[in-house]
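Please read them with the sequence and the structure open beside you.

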Amino acid sequence: MARLLSRNIFQSFSDFGGCSALVRNVAVGREARWWSNEASPAVKVTAPRTSLNQPGLQTEEQLGLWYTLEQDIAKQLFGLGGIPKQFATQCKTFAETCLMIRKPALTTIDYIKKTNLALPPNKFILYGREGVGKSLSLVHITHFLSQDNWLLVHIPWAPRWRRGFKEITASATVPGRYDHPLDAVIWLQHFKSQNSQLLKTLQLETSEEYKWSRREVTEAGAPLIDIVELGISRARFASDCIMAVTTELKKHATHQRCKIAVVADGINTFFCLTSRYRLEDLTYLNPENFTIFQAFMQLFNNNWRNGVVVASVDSLANDGARRESYLPRYLLRQKGWETLDPFIPILVSNYNELEMQSIVDYYVDRNWLQNPGASSDTGRRELAGLSSCNPYTLMNICNSL
Amino acid sequence: MKAYQEKAQALDALMFEKTTEYEIGRRHLANMMGEDPETFTDEDIDTAIEYLFPSGLFEPRARPLMKHPTEVFARKKVAEFDETGRPFHVLFYTGLPNYYQVLHDLSEKVRELDSFSDRMMQYNIHKDPERTLNVGGTEWVKKEQLEDILLEKLKDKQYEFFVRSMNRLLDHPFSYRVEEFIMKFRKHVQISVIHKEIPKLMFTAEGTPYMAAVGRRKTSTASVTVYGRGSGKISINGEDLLYFKYIQDREQVLFPLQFSGLLGKVDVVADVDGGGFSGQSGAIRYAISMAVRSFVDEQMMEKMRLAGLLTRDPRRHERKKPGWKGARAKYTWKKR
C-alpha cells in the first residue's frame with residue numbers, strides 16, 4: 001500500500017494533461033475548505049474538531065467534525081461495554097475518545113428531543129451494511145441521553161447473551177426459563193455505573209415485595225437500587241433482579257416518575273430462533289426462554305409511556321444463515337417486525353466526501369497515517385477507492401499503513 | 001581437372017537449356033493469358049501460374065511455381081581455373097577468394113576515402129552533414145546470407161571480422177561515396193511492432209464519454225464500461241468494490257486507474273462471471289486497462305504496456321498427472 005502512495009503527485013498531473021476535459025470541476029464552497037492544497041504540501045493537516053462536547057448542543061453545522069468524549073464519562077457510561085473493541089483499542093492508542101458527528105446520530109437526537117413523551121415510546125432503528133458506523137452512532141446517542149437525564153437501559157451487544165454467554169442455568173423461580181448468572185451480574189453493574197447519579201436523585205422505589213429465597217426478601221417501597229445491588233452480590237438471583245428492575249422501571253415511566261431510554265445494539269438477536277445452549281435432549285434452546293431476554297422484550301412493547309427505544313439491527317447479530325441482507329424486515333423476521341412495528345428506520349451509510357476528508361485529516365493529525373502522500377489528493381483517492389468509503393474497512397486498511 | 005571442367009560445362013549447358021525452356025514457357029503463358037509476350041514480366045508469370053493452377057495448400061513453398069533457373073538452382077562456383085589448371089582469381093590459393101576479395105576491396109575503399117578526406121582538409125571543406133549515408137532501417141547481412149552472396153562457407157570469426165571491418169568503413173565521414181558497395185551487404189529490416197487500433201471514445205446521450213471492454217483471466221470473463229467525468233464510483237455485479245473481500249483483489253481492480261491517474265475521475269461498471277475471486281479481479285483489471293487506453297495519451301499507454309497492464313495473462317490451470325502429486329510436483333522419491 002505504501003508503494004501506491006509514493007508516486008509524485010506533480011508528475012501524475014503533468015502526465016495526463018490531455019485528460020483535463022474529463023476532470024470534474026472542483027465544487028466551490030463548503031467542500032473546498034476541507035481539501036488540502038496541492039500547491040503547498042508543507043501545510044500541516046489538523047483534525048477538524050469542535051469544542052461542543054455536549055451532544056445536545058451539536059447541530060448540522062458540526063457535521064464531519066470530531067468531538068471529545070471525556071475519559072471519565074466514557075468509563076462511567078461504557079466501562080462494561082458499548083464501545084466496539086477495535087475502536088476502543090484505537091482510542092487507547094490516540095489517548096483520546098473522539099467521535100465524528102454524523103447525520104444518523106444527529107437526526108435521532110433531534111427526533112428524541114422532539115418526542116412527545118405522553119405517547120407510546122418512539123422506536124428508532126439504525127440499519128446499514130456491516131462496518132458502516134451503527135454501533136458508534138449508538139455511542140453518540142447514548143452520550144446524549146445520559147447528558148439529557150434519561151435513565152439508561154443499555155444493552156451493549158445483545159448477541160453476547162445468545163451465543164457468547166458465560167453460563168446458563170435453569171431458572172429456580174420459573175420452570176422452563178433459563179438464567180444468565182454471570183452475564184446478568186455484569187449488566188447490573190453496567191446499569192448501576194451508568195445511572196447511579198440519576199437513581200439517587202430520582203429515588204425510585206419498588207412497588208411490590210420480591211421474595212428471592214426464604215431469607216432474602218425485598219419489601220415494597222424499598223429503593224430500586226437495593227435490587228440492583230442484591231443482583232450484583234447474588235449471581236443466582238441476578239437474572240430475576242433484571243426482570244424486577246425492568247418491570248419496575250416500566251411502571252415508573254408510565255407513571256411519569258422518570259424517562260427511560262432503552263438502547264440496544266443488535267436488537268434483531270432477540271428474535272432469532274436458536275441460541276448456543278444445548279438442552280438434555282440435544283436441541284438448541286430458543287432464546288425467548290432466557291429470563292433476561294424476556295425482561296428486555298417487555299420494554300419493546302407499546303404499553304408504556306415516557307420512554308424511547310434506540311436500537312440497531314446488524315446482520316452480524318443474526319445467525320450465519322440469515323445474513324444476506326442488511327434491511328430491517330429481513331433481519332428482524334416476522335416476530336421482530338410485529339413486536340417493533342411501528343418504528344422509525346434510520347439508514348447509516350458509508351462516508352460521504354466530507355466525512356472522508358475528515359477521517360483522513362483525523363488519522364493524519366493523530367500520526368496514524370504517517371506517509372506524506374496520505375494527505376495528498378492522490379493518497380486520499382486511493383484510500384477512498386480501496387475502502388470504498390466504508391468506515392470499518394478504512395480503519396483496517398489504515399491499521400496496516 | 002578434366003572431370004572438373006566437364007562438370008562445369010555440363011552445368012553451363014543445363015542452365016542454358018533451362019533458361020530457354022523458361023523463356024518458351026513465358027511466351028506460352030503470355031499467349032494463354034492473352035497478354036503481349038514481349039512485355040510479360042516475372043510477376044505476370046507468378047500471377048498466371050496462381051490463376052491457372054489454384055492451390056489450397058497452406059505452405060506457400062509447396063504451391064506450384066515457375067521461376068527463372070537462376071532462382072531455382074543454387075548458384076555454384078564453377079570454372080575457377082582454366083584447362084591448364086591456372087586459377088582465374090588472384091586470391092584462389094587463400095581458399096576463400098571471394099571473401100578475401102571483399103576485404104581487399106574494403107581496405108582499398110578506406111584508403112580512397114582517407115585520401116579524399118585529406119584533399120578536402122587541404123581545401124578546408126568539412127564534412128557536409130546532409131550527405132551522410134543513411135543506413136536507418138537496415139542491418140548487416142547475416143552469416144548465412146553472406147555465404148550465399150560469396151558462395152563460400154565462412155567461419156564465425158571470419159564473419160565477425162567482416163562486420164567489424166564494414167563498420168569501420170561505415171563510420172568514415174565520407175562513407176556516402178561508397179554507398180553502393182556498402183548497400184550490397186546491408187539488408188532492410190521489417191518493423192515487427194504492429195500498432196493496434198485503439199478504439200475511439202463513445203458518448204452517451206448526455207454527452208458523457210465512455211468506453212467498453214472485455215477482459216478474461218483464468219476462467220473468468222468481465223465486461224466493463226468506464227465512464228468519463230465521474231467521481232470514482234465502482235460497481236461490480238451491482239455491488240460495491242467490497243464485492244471483493246480481500247484487499248489484494250481490490251488493489252488489482254484499482255491498479256489501472258491508480259497507475260493512469262484516473263482514480264476518482266472515472267466511474268466503472270463491471271459485470272463479471274466465472275472463476276473465483278482472483279480470476280475475476282484479474283479479468284476486471286485487464287478489461288479496465290483496455291478501456292482506459294481510449295482515455296489516455298500515447299505516452300501513458302506505453303507506460304501501461306511496460307507495467308504489464310495491457311498483457312492478457314495466458315496462464316491457465318494445469319492438469320494433474322497420474323502418478324504425480326500435482327501438475328509438476330512428484331511424490332517423495334525413495335532410493336530404496
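1. In this predicted model, the side chains of Glu80(B) and Lys77(B) meet in a salt bridge, with an N to O distance of 3.8 Å. Salt bridges are counted here up to a limit of 4 Å. Lys77(B) is partly exposed, its relative accessible area being 25%.

2. A further salt bridge in chain B pairs Asp313(B) with Arg217(B), whose closest N and O atoms are 3.5 Å apart. This pair links distant parts of the chain, since Asp313(B) belongs to the segment after helix H10 (298–307) of chain B while Arg217(B) belongs to strand E4 (residues 209–217), 96 residues apart. Asp313(B) counts as partly exposed at 22% relative accessibility, whereas Arg217(B), with a relative accessible area of 14%, is buried.

3. In chain A, the side chains of Arg49(A) and Glu96(A) form a salt bridge at 3.2 Å, N to O. Arg49(A) sits in the loop between helix H2 (9–15) and strand E1 (66–69) of chain A, and Glu96(A) in the loop between helix H4 (85–94) and strand E2 (97–100), so the pair ties together parts that are 47 residues apart in sequence. Arg49(A) is partly exposed, with a relative accessible area of 33%, while Glu96(A) is buried, with 13%. Both residues belong to a network of salt bridges that also takes in Asp365(A) and Arg366(A). Over all chains, the count comes to 33 salt bridges.

4. Because 11 of its 14 residues are buried, H6(A) is largely enclosed by the rest of the structure; among the buried residues are Leu138(A), Val139(A), Ile141(A) and Phe144(A), together with Lys134(A), His140(A) and His143(A). Asn149(A), which follows H6(A), has a positive phi, near 65°.

5. Some backbone geometry deserves a second look. Most residues other than glycine have a negative phi, and most peptide bonds are trans. Leu282(A) has a positive phi, near 65°, and is found in the loop between strand E9 (260–265) and helix H11 (291–297) of chain A, where Leu282(A) counts as exposed at 59% relative accessibility. In chain B, the phi of Arg229(B) is also positive, near 50°; Arg229(B) lies in the loop between strand E5 (220–227) and strand E6 (234–236) and is partly exposed, with a relative accessible area of 43%.

6. Which residues of chain A are joined by a cis peptide bond? They are Asp341(A) and Pro342(A), with omega at about -5°. Pro342(A) lies in the loop between helix H12 (328–340) and strand E11 (344–347) of chain A.

7. Met32(B) is placed in helix H1, and at 56% relative accessibility Met32(B) counts as exposed, because the cut-off for exposed is over 50%.

Notes: Residues numbered from 1 in each chain as written. Chains lettered and ligands numbered in written order. Predicted model: local features only at pLDDT ≥ 70, side-chain atom pairs only at ≥ 80, totals over all residues. Heavy atoms only, no water. Buried < 20%, exposed > 50% of the residue type's maximum accessible area, 1.4 Å probe, protein only. Helix = DSSP H or I, 4+ residues; strand = E, 2+ residues; numbered from the N terminus.
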